[in-house]
Amino acid sequence: MHLDRIVSRIILLAKLPGNDRRAEVAEELRTHLEDLAEEVQSQGYDEEALDRIVRMRFGEAEEIAGAFTSVYAPERLAKLILQSAMFVTASTMAVVVVIGGVQLIAAICTATSVVSIWRGIHREVFGIGAVTAGYCSAYAGERIFPTSLAKAVLPSVTLGLWLGALFGWLVPQHAALPLAAFACAASGRLLQRVKIPFVWFAGTAVPLLIAWALFGPLISGWQFPWLVWLGLTVSCKALREIVRLLERVFVEDFDYSENTAKF
Amino acid sequence: MPFDRELLKGSIALLILKLLSERDMYGYEIIQESLRRSQDAFEFKEGTLYPALHQLHKRGYLHSEWRTGNNGKQRKYYGLTAAGRKAARRSEQEWLSFTKVVKAILSKAKA
């Protein structure tokens, strides 16, 4: 009789928020199943019949888990919103710091005034937003569709198209760079899943090279394309560390969610 | 006569509240008690009791605590809160009115 297997299946499928709650529900269900098994056993059933009767009386794991999922759906949603808000905020701050740092290095190298960055601040804002959105959407894709790469890229592709339309409308002459930055961050994240070290560097480089080939120099200062690439690559590295940190902080949700990307 | 599943599902909260208004019980005990009182007619998938208990607990109708039984086994007991007692009375009244109306309709249909 595999009572623990029934309990584990329910707990896994129910996606209950919090380790303590999961442990408590598991213990509660296990106690019930033990009582039920004792009752059936006392009626003289053999092991095979016992297993069948207990399963029949207790119900399908999927049905019970589904009912638990509905009960705790608001808590799970609140937690997901909180985690997403923390992730997006931390990511944006990290990208601001990295891109700001790279801009500063560029200003020092070219002996230009740092203040000159402020003249094109709207472009910087679009660029920073695009990098954050590209990385976060790729990560969200991994979490939502952990087993299919084709589906995992859907959030990034959808968001990319929307941003393309938005940037094309708001800043038509400067739309190419933030879109290239978006693609760099998204493909950088996707390639970070590859086990071979540094392969993801190509993820941040290839979309930039394509953009350069298609549109030529996109901004003044494009004579330092490696600096743009460096900014995007360091941003992706910083964002990867943020993802790792958050996954450690919210480890209880990641352990049970079956959401580890497997493609 | 086995009852319709949806009908059982709809009345499970009332059943839990009513049984717990008499004394604190754990899940298995609630099932046993409902089977005994209904002479085994009120039969539903036992595992589905727990999401219902947790839902009522979340609404503030139940309190719960782990207690050790006579055989040394730890069990989670549920009892009614003040809000739960109110809800039990309200649900019972609602159910009685509902069955009265259904009965009236059925008897007229027969006549």
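Visitor: How are α5(A) and α7(A) oriented to each other?
Guide: They are oblique, and that label follows from the angle. Angles under 35 degrees count as roughly parallel, over 145 as roughly antiparallel, 65 to 115 as roughly perpendicular and the rest as oblique. Here α5 (residues 73-109) and α7 (residues 121-144) of chain A pack at about 130°, and their axes are 9 Å apart. Axes are lines fitted to C-alpha atoms, for helices over the stretch in contact; angles run from 0 to 180 degrees between N-to-C directions.

Visitor: What should I know about the model and its labels?
Guide: It is a predicted model: local features need pLDDT of at least 70, side-chain atom pairs count only at pLDDT 80 or more, and totals for chains, interfaces and linings use all residues. Residues are numbered from 1 along each chain as its sequence is written, while chains are lettered from A and ligands numbered from 1 in the order written. Helices (H or I, at least four residues) and strands (E, at least two) are DSSP runs, numbered from the N terminus.

Visitor: Which hand has the crossing of α5(A) and α7(A)?
Guide: α5(A) passes α7(A) in a right-handed crossing. A crossing is left-handed if the near helix is turned anticlockwise from the far one by less than a right angle, right-handed if clockwise.

Visitor: Which residues make the contact between α5(A) and α7(A)?
Guide: From α5(A) come A:Phe87, A:Val88, A:Ser91, A:Thr92, A:Val95, A:Val96 and A:Ile99. From α7(A) come A:Glu124, A:Gly127, A:Ile128, A:Val131, A:Thr132, A:Tyr135 and A:Cys136. Contact is a cut-off: C-beta atoms, placed from the backbone, within 7 Å. For the spacing, recall that an α-helix has 3.6 residues a turn, so residues three or four places apart point the same way.

Visitor: How does the contact of α5(A) with α7(A) divide by class?
Guide: 9 residues are nonpolar, 4 polar and 1 charged. Ala, Val, Leu, Ile, Met, Phe, Trp, Tyr, Cys and Pro count as nonpolar; Asp, Glu, Lys and Arg as charged; the others, Gly among them, as polar.

Visitor: At what angle do α7(A) and α12(A) pack?
Guide: α7(A) meets α12 (residues 225-249) of chain A at about 45°, with axes 11 Å apart. The pair is therefore oblique, and its crossing is right-handed. A:Val131, A:Tyr135 and A:Tyr139 of α7(A) touch A:Leu232, A:Ser235, A:Cys236, A:Leu239 and A:Val243 of α12(A). That contact has 7 nonpolar residues, 1 polar and no charged.

Visitor: How do α10(A) and α11(A) pack?
Guide: α10 (residues 176-192) and α11 (residues 200-215) of chain A make an angle of about 155°, with axes 7 Å apart. That makes them roughly antiparallel. α10(A) passes α11(A) in a right-handed crossing. Residues of α10(A) in the contact include A:Ala180, A:Ala183 and A:Gly188; among those of α11(A) are A:Gly203, A:Pro207 and A:Ala211. By class the contact has 13 nonpolar, 5 polar and no charged residues.

Visitor: How far does α3(A) reach, and what follows it?
Guide: Expected span is 1.5 Å times one less than the number of residues. α3(A), residues 47-58, has 12 residues and reaches 16 Å from first C-alpha to last, close to the 16 Å expected. A:Gly59 follows, with a positive phi near 105°.

Visitor: On to chain B. What is its pattern along the sequence?
Guide: α-β-α-α-β-β-α, which comes to 4 helices and 3 strands. The C-alpha trace of chain B spans about 60 × 30 × 20 Å along its principal axes.

Visitor: In what order do the strands of chain B stand in the sheet?
Guide: The order is β1-β3-β2, in an open sheet with antiparallel pairing. β1 (25-26) and β2 (62-68) stand at the edges with a single partner each, so one side of each lacks a neighbour in the sheet. Strands pair if DSSP finds at least two bridges between them. β1(B) and β3(B) are joined by 2 bridges, β2(B) and β3(B) by 7.

Visitor: Which residues stand opposite each other in the sheet of chain B?
Guide: B:Met25 faces B:Tyr78 of β3(B). B:Tyr78 is also the bridge partner of B:Ser64. B:Glu65 stands opposite B:Tyr77. The β2(B)-β3(B) hairpin has 5 residues between its strands, and B:Gly72 in the turn has a positive phi of about 80°.

Visitor: How many residues of chain B are in contact with chain A?
Guide: 14, and they meet 14 residues of chain A. α2 (27-37), α3 (49-58) and β3 (74-80) of chain B each give two or more residues to that side. α3(B) gives the largest share, 5 residues. The side of chain B divides into 3 nonpolar, 5 polar and 6 charged residues.

Definitions and conventions: Two residues are in contact if their C-beta atoms, placed from the backbone, lie within 7 Å.
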